Amino acid sequence: MENEPEKNEMMKRFEMRIEGKTAVLDYVEQGDSVLAFTHTFVPPELRGRNLAAILTRHALEDARRQGKKVAPQCSYVAAFMERNKEYADLRTESPF
């Protein structure tokens with residue numbers, strides 16, 4: 001659905017499609033209990049719309065629903081989690 005974050009399990013990413021462009025947050029499953037958020041990308045034409053924050057919040061809420069921890073390997077996700085203390089309980093270091 002356009003404009004709504006979605007989890008694309010086959011591609012291992014969260015994504016939002018807007019105006020024919022796709023913003024993404026990539027992840028890697030590390031064992032059964034950790035998701036490493038590895039990369040966030042918003043196309044230049046879509047920047048300034050808070051899309052990275054929307055994707056990150058959606059991805060963190062998904063991890064919480066699954067009872068998983070998050071290893072923020074992406075600098076954006078790490079900074080987001082630092083600014084938004086309500087996600088501090090999800091943070092872990094990468095086990096690998």
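The model is predicted. Its strands β3 and β4 (residues 34-41) pair in the antiparallel sense over seven bridges. They belong to an open sheet of five strands, and two helices, α1 and α2, lie across strands of that sheet. A nonpolar core of 24 residues is the largest in the model.

**The sheet as a whole**
- The order of the strands is β1-β2-β3-β4-β5, and the pairing is mixed.
- At the edges are β1 (6-8) and β5 (69-72), each of which pairs on one side only.
- On average, neighbouring strands of the sheet are turned by 30° against each other, direction ignored.
- Pairing between strands of a sheet runs through backbone hydrogen bonds and is either parallel or antiparallel.

**Strands β2 and β3**
- Six bridges join β2 (residues 13-18) to β3 (residues 21-30), and the sense is antiparallel.
- R17 has T22 of β3 opposite it.
- The two strands make a hairpin with two residues between them.
- In that turn, E19 has a positive phi of about 55°.

**Strands β3 and β4**
- V24 has F41 in β4 as its bridge partner.
- The hairpin of β3 and β4 has three residues between the strands.
- G31 in this hairpin takes a positive phi near 75°.

**Strands β4 and β5**
- β4 pairs with β5 in the parallel sense, over four bridges.
- F37 stands opposite P72, a residue of β5.

**The helices**
- Helix α1 covers residues 51-66 and lies across β1, β2, β3, β4 and β5.
- The direction of α1 is at about 140° to β2.
- Helix α2 covers residues 75-83 and lies across β3, β4 and β5.
- The direction of α2 is at about 120° to β5.

**The nonpolar core**
- Within the largest nonpolar core, the residues that touch the most other members are F14, L25, F37, L60, V70 and M81.
- Two or more core residues come from each of β2, β3, β4, α1 and α2.
- The element that gives the most to this core is α1, with seven residues.
- M81 touches L60, V70, P72, Y87, L90 and R91, leaving aside residues up to four places away in sequence.

How values were computed:
Residues are numbered from 1 along each chain as its sequence is written. This is a predicted model: local features need pLDDT of at least 70, side-chain atom pairs count only at pLDDT 80 or more; totals for chains, interfaces and linings use all residues. Side-chain values use heavy atoms; hydrogens and water are left out. Two strands pair if DSSP finds at least two bridges between them. Axes are lines fitted to C-alpha atoms, for helices over the stretch in contact, and angles run from 0 to 180 degrees between N-to-C directions. Contact means heavy atoms within 4.5 Å. A nonpolar core is a set of buried Ala, Val, Leu, Ile, Met, Phe, Trp, Tyr and Cys residues joined through side-chain atoms within 4.5 Å. Buried means under 20% relative accessible area, exposed over 50%, partly exposed in between (1.4 Å probe, protein chains only).
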